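Here is a short report on a protein model with more than one part to look at. Read it with the structure open beside you.

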Amino acid sequence: MMEFLRENQVFCEWVLRFRDGTLTDEELQRLKGVLRTHPEARRYYIELVMLQAIFHGRKSPLSEIPQDFASEKLLDWRLWQALAKEENTAEPIPVQQNAPQNEENYTIRPSIKQRQTLSKVPLYALIASAAALVAIILLARFSPFRESQSVALLADTFGAVWADSASWTKGTLLSASSKPFVLRAGLVQILFDNFAQVTVEAPASFQLLGEDMLKLHYGKLYAVVPSSAYGFQICTRESKIIDLGTEFGIAQGLNGDTEVHVLRGKVVFVSKASGQNISLNLPAGEARRLRSSTGQIKEIECREDFFVRYIDSSSNLIWKGQSLSLADLIGGGNGFGGGDNRRGINLSTGQLQNIANQGYETPEATGFRTVKGAPFVDGVFVPNGASGPTIISSLGHQFLFPPTSGEYWSDITSNPYLAKKDPTTGIIDYVSTRLEVEEDAETGIPPRLLIHPNAGITFDLDQIRRAYPTLEMKSFRVLCGLPQVLDFRKRSEFWVLVDGNCVFHYQSDYQNLQSKTVEIPITPTNRFLTLAATDGGDGTHYDWCIFAQPILIMERK
Amino acid sequence: MRLLFANERRIYSYIYLLIPCRADAEDLFQETLSIMWTKFDHFEEGKDFGSWGIGIAHHVIQNYRRKKGHGPLYLGEEIEGLLEEEAHQSIKAIDFRIEALRQCLTELNPLDRRIIHWRYEDEISVKSIAEKMCTTIKVIYVKLARAHDILLRCIRRTLAEQGSE
């Protein structure tokens, strides 16, 4: 057990995070379990704390590190490296002369070769210096010691199965090697020493060629390259993709074809396939496919959701850049899929039902109900301002809604079909709740929440943050409206509240047939997001309030 | 004073082992020093000054816990008891560890050394380091874990070679 912990540094990471107060409850329980049962883990813990205590104390060995290291030299070096690369491709800079001849502006251009006579002594010295420099570079690049040095770390894995029963696990140091890694199943995340981060999807074969270079033989990968790794390169059989501060995905087929999708920043895409020399600058939002058999490069659609961009095994997160769906949460999913849209939440009991009930005979409910079994939902309520503010969160946030009938008709559900009962025959007809402006997704009607007045639901954003500590919520977006199938409108009101404050209110009425999209920024301190619908004062009949495609837009922290 | 300088790291390490919050640990350390100063007459010459100080620190921590209760960074009585019992030898040998660490810091690559420097010497939070490096908090923790692990292995190796462990 301890061998595993030491080799993987997971334990070390836990201890550091525990002492910084950033360990999740679940991780803390695991840490305690290991410390309780493994003397070697306790020894490691003690030694790690001793190390930290030494660093904290007076006369820490860190304070003795030479001043040139403590300065910004390291970053300066990277900056110069980046600038030098940029300079090679930069446009000429127009320069205004202070006292220009002929009163013209001048442009700096490459100097024109002129015949000059050179003294031979400095020339020999120059040749000797150049030869020495080349020797140093070659020695550094091809030194036999280089092979054994680690250049990256296996930062995370998700169901990874390697060829030849290899057992590289999270925390393994990876060296530049002549032998490729073959990933048969799952996902791995590699963190280079220069902070470039590459997520590889199986089946794939790749090779680390150095501290800033990876060769992809086949498979898919996504690279996130910060400024510290400017110039990071991915090579394939026929091409090379050079980063210029960016995020990009590469799909390499077994037939040699290569796809490059640039999602942020820009890359240089160089190909020598079929004897052609092609070099392209690809900015964000562009993608190309290289056919290795012909050397042709074709423009293709840049697909935002084609690559796994990030994994976090501790929160079971496989993230392709997608937003978190509130409809999926109601269906019991994790926000990124897996929810069952037939589920619903009963407003009178707060019970999560496997099949949502619709067509209640004018039930009434008061008070805030917490919801068990849906960890991201704080609770539900029936808004009614007739007797004062309504409690809308478990912490007692209140909001004064307009007076309503205090009745509701349906569970809150993510079901895209509404069960409409014919009053005379009793036959139930399932009616689409698609809004006029909506187009069907590949899977049918896009995800939505039916919040039939009078009803409200509050989501606990802190629970979502805890579940996905590596992602950050940027905003909430939703499209509010009544289904297209209704050829008339009742008055009904849509509400969006953040921590009890109204951030969006929209009233549909007899003339207003339009749906409305709203996007609200979410800050790290926001705790509760509330969606509610009220009857507009004319009863709940046909108030089919749809909160379509309700999503939290996420970004990597 | 000489005795105090020679043993302050041992006493601080003991407190920090049980109180992970650095600010609280430093407050308790100062309180311990102040009690040691006022009770110095009770110290019997020839005895282990560091152990005497750790004994006082133990009571200071107990009082602090009685007043403030257990915060979220509490591992529980059983685990703390085991750590206290087993830390004795490591705390005693802390000066050897410091010497070993001086050599071991050279084993880190410049970037890892830089991050350690930021974290401890410049007291920059992990979040701020992540922002500086345009990367994620998780990545910085992975880097820090690796750097600490390299140092711990190196210290163990060095102490074993010197026969100090």
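B:R10 counts as buried, at 11% relative accessibility. Buried means under 20% relative accessible area, exposed means over 50%, and partly exposed is in between (1.4 Å probe, protein chains only). The side chain of B:R10 meets that of B:D48 in a salt bridge, 3.4 Å from N to O. A salt bridge is a side-chain nitrogen of Lys or Arg within 4 Å of a carboxyl oxygen of Asp or Glu. This pair links distant parts of the chain, 38 residues apart. B:R10 sits in helix 1 (residues 2–18) of chain B, and B:D48 in the loop between helix 2 (22–38) and helix 3 (49–68) of chain B. B:D48 is partly exposed, at 30% relative accessibility.

This is a predicted model: local features need pLDDT of at least 70, side-chain atom pairs count only at pLDDT 80 or more, and totals for chains, interfaces and linings use all residues. Residues are numbered from 1 along each chain as its sequence is written, chains are lettered from A and ligands numbered from 1 in the order in which they are written, and side-chain values use heavy atoms, with hydrogens and water left out.

**Salt bridges**

Side chains of opposite charge can pair when their charged atoms come close. The rule gives 32 salt bridges over all chains.

| Pair | N to O distance |
|---|---|
| B:R10 and B:D48 | 3.4 Å |
| B:E80 and B:R65 | 2.8 Å |
| A:R289 and A:E259 | 3.0 Å |
| B:R119 and A:D20 | 3.0 Å |

B:E80 and B:R65 form a salt bridge. B:E80 lies in helix 4 (residues 77–92) of chain B and B:R65 in helix 3 of chain B, so the pair ties together parts that are 15 residues apart in sequence. Both B:E80 and B:R65 are buried.

In chain A, A:R289 pairs with A:E259. A:R289 belongs to strand 14 (residues 287–290) of chain A and A:E259 to strand 11 (residues 258–264) of chain A, so parts 30 residues apart in sequence are tied together. A:R289 is partly exposed, with a relative accessible area of 24%. A:E259 is buried, at 15%.

**Chain B**

Chain B has eight helices and zero strands. Helices (H or I, at least four residues) and strands (E, at least two) are DSSP runs, numbered from the N terminus. Of the 165 residues in chain B, 53% are buried. Contact means heavy atoms within 4.5 Å. Among contacts in chain B with a separation of 6 or more, 62% join residues 24 or more positions apart.

How many of the twelve residues of helix 6 of chain B are buried? Ten are, and helix 6 (residues 110–121) is mostly covered. The buried ones include B:R113, B:I116, B:W118 and B:R119. B:N109 caps the N-terminal end of this helix, with a side-chain oxygen 2.7 Å from the backbone nitrogen of B:D112. After helix 6 of chain B comes B:E123, whose phi is positive, near 55°.

**Where the chains meet**

In all, 70 residues of chain A are in contact with 62 residues of chain B. The area buried between them is about 6200 Å². Buried area is the accessible area (1.4 Å probe) that two parts lose on being put together, summed over both. Carbon and sulfur atoms give 64% of that buried area.

Ten salt bridges cross the interface of chain A and chain B. One of the salt bridges joins B:R119 to A:D20. Helix 4 (residues 39–56) of chain A gives the largest share of the side of chain A that touches chain B, 17 residues. That side divides into 32 nonpolar, 16 polar and 22 charged residues. A network of salt bridges links A:E40, A:R43, A:E47, B:R97 and B:R156.

**A buried loop residue in chain A**

Is A:F376 buried or exposed? A:F376 is buried, with a relative accessible area of 12%. A:F376 lies in the loop between strand 21 (369–370) and strand 22 (377–381) of chain A. Not counting residues up to four places away in sequence, A:F376 touches A:L329, A:F459, A:D460, A:Q463, A:I464 and A:A467. A:F376 and A:L461 are 85 residues apart in sequence and 7.2 Å apart in space, C-alpha to C-alpha.

Conventions:
Nonpolar A, V, L, I, M, F, W, Y, C, P; charged D, E, K, R; others polar. Polar contact = N/O pair within 3.5 Å; in protein donor to acceptor, adjacent residues only side chain to side chain.
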